[in-house]
Amino acid sequence: MTGHGLAMCDKFTIFFGYAHPCGATSLKKSKKRIHTEMVNLSVNINKVATLRNARGGNVPNVESVAMDCERFGADGITVHPRPDERHIKHHDVFALRPLLRTEFNIEGYPSEDFINLVLMAKPSQVTLVPDAPDALTSSAGWVVAEHLDFLTSVVDRLKEAGIRTSIFVGTDEENIRLAAKTGTDRVELYTEPYATLYEKDPQAAVAPFTKAAEAAHKVGVGVNAGHDLNLQNLKYFKEHVPHLLEVSIGHSLISDALYMGLESTIKAYKDCLK
């Protein structure tokens with residue numbers, strides 16, 4: 001989210017005293033809105049762990065924040081335990097597992113260590129990302145053709161354990177069809193390209209994602225999405241991407257919570273997904 005000030009209120013409706021863009025009317029809109037059902041919100045709490053780790057100790061408390069997110073209406077919690085444990089640590093995964101009452105989504109590169117972690121934790125969903133160990137954040141989806149056998153073997157192991165799988169991909173339709181061949185339950189669409197183009201041309205930004213979601217649906221794969229979705233672009237994305245089941249949002253949501261408070265922020269994001 002690029003601004004919180006009230007100077008932008010001519011474009012936004014006001015929500016809990018802050019600019020809330022879900023009611024924005026100044027954006028160019030396409031004639032057809034595709035998706036009208038509620039989409040689940042999974043809150044990525046990595047940034048909470050980053051703040052805790054910066055000081056040491058246990059403030060803010062990751063487990064308490066996760067439970068508060070659920071209490072305030074989140075439909076799930078996402079964590080990304082990286083090999084260097086620079087934010088979510090392995091012990092966080094095991095501490096969270098018995099506490100959470102909503103969907104628990106663990107994302108990460110499927111190294112043997114990661115696979116062993118999730119097989120022990122048994123989350124609701126595992127999202128497979130192609131990140132290098134030192135990656136700052138996810139910056140691309142899988143090129144599935146180059147990793148088809150590997151991803152298929154990983155998906156098989158996770159599904160044997162009763163864990164739903166999702167593969168992080170871009171909008172290339174053939175890539176999505178190949179992802180379906182792994183046996184994955186879902187794909188997660190990498191939405192940074194949408195977020196980057198959205199301010200300039202919302203229709204052009206969302207068009208590849210509309211087609212990608214249709215392609216996934218045709219091959220029987222569910223659709224998740226995430227990366228750089230925020231209060232300014234989320235509602236438009238939800239309204240124009242069919243078959244969308246879940247979005248995972250962390251950085252923008254936690255940043256907004258610094259101004260709006262966690263409860264009001266989650267409500268605002270949920271409002272965008274109605």
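Two strands pair if DSSP finds at least two bridges between them. The views below come from a predicted model.

**View 1. Strand 3 pairs with strand 4.** Strand 3 covers residues 40-44, and strand 4 covers residues 76-79. The two strands run parallel. Three bridges join strand 3 to strand 4. Look for valine 43: its bridge partner in strand 4 is isoleucine 77. In general, strands of a sheet pair through backbone hydrogen bonds, either parallel or antiparallel.

View 2

**View 3. Helix 5 packs with helix 6.** Two packed helices are described by the angle between their axes and the distance between the axes. Here helix 5 (residues 144-160) meets helix 6 (residues 173-181) at an angle of about 15°. Their axes are 9 Å apart. Angles under 35 degrees count as roughly parallel, so helix 5 is roughly parallel to helix 6. The crossing of the two helices is right-handed.

**View 4. Residues make the contact of helix 5 with helix 6.** Helix 5 contributes Val144, Ala145, Leu148 and Thr152. Helix 6 contributes Asn175, Leu178, Ala179 and Lys181. Sorted by class, the contact has five nonpolar, two polar and one charged residues.

Key:
Residues are numbered from 1 along each chain as its sequence is written. This is a predicted model: local features need pLDDT of at least 70, side-chain atom pairs count only at pLDDT 80 or more; totals for chains, interfaces and linings use all residues. Side-chain values use heavy atoms; hydrogens and water are left out. Axes are lines fitted to C-alpha atoms, for helices over the stretch in contact, and angles run from 0 to 180 degrees between N-to-C directions. Helices (H or I, at least four residues) and strands (E, at least two) are DSSP runs, numbered from the N terminus. Angles under 35 degrees count as roughly parallel, over 145 as roughly antiparallel, 65 to 115 as roughly perpendicular and the rest as oblique. A crossing is left-handed if the near helix is turned anticlockwise from the far one by less than a right angle, and right-handed if clockwise. Contact means heavy atoms within 4.5 Å. Ala, Val, Leu, Ile, Met, Phe, Trp, Tyr, Cys and Pro count as nonpolar, Asp, Glu, Lys and Arg as charged, and the others, Gly among them, as polar.
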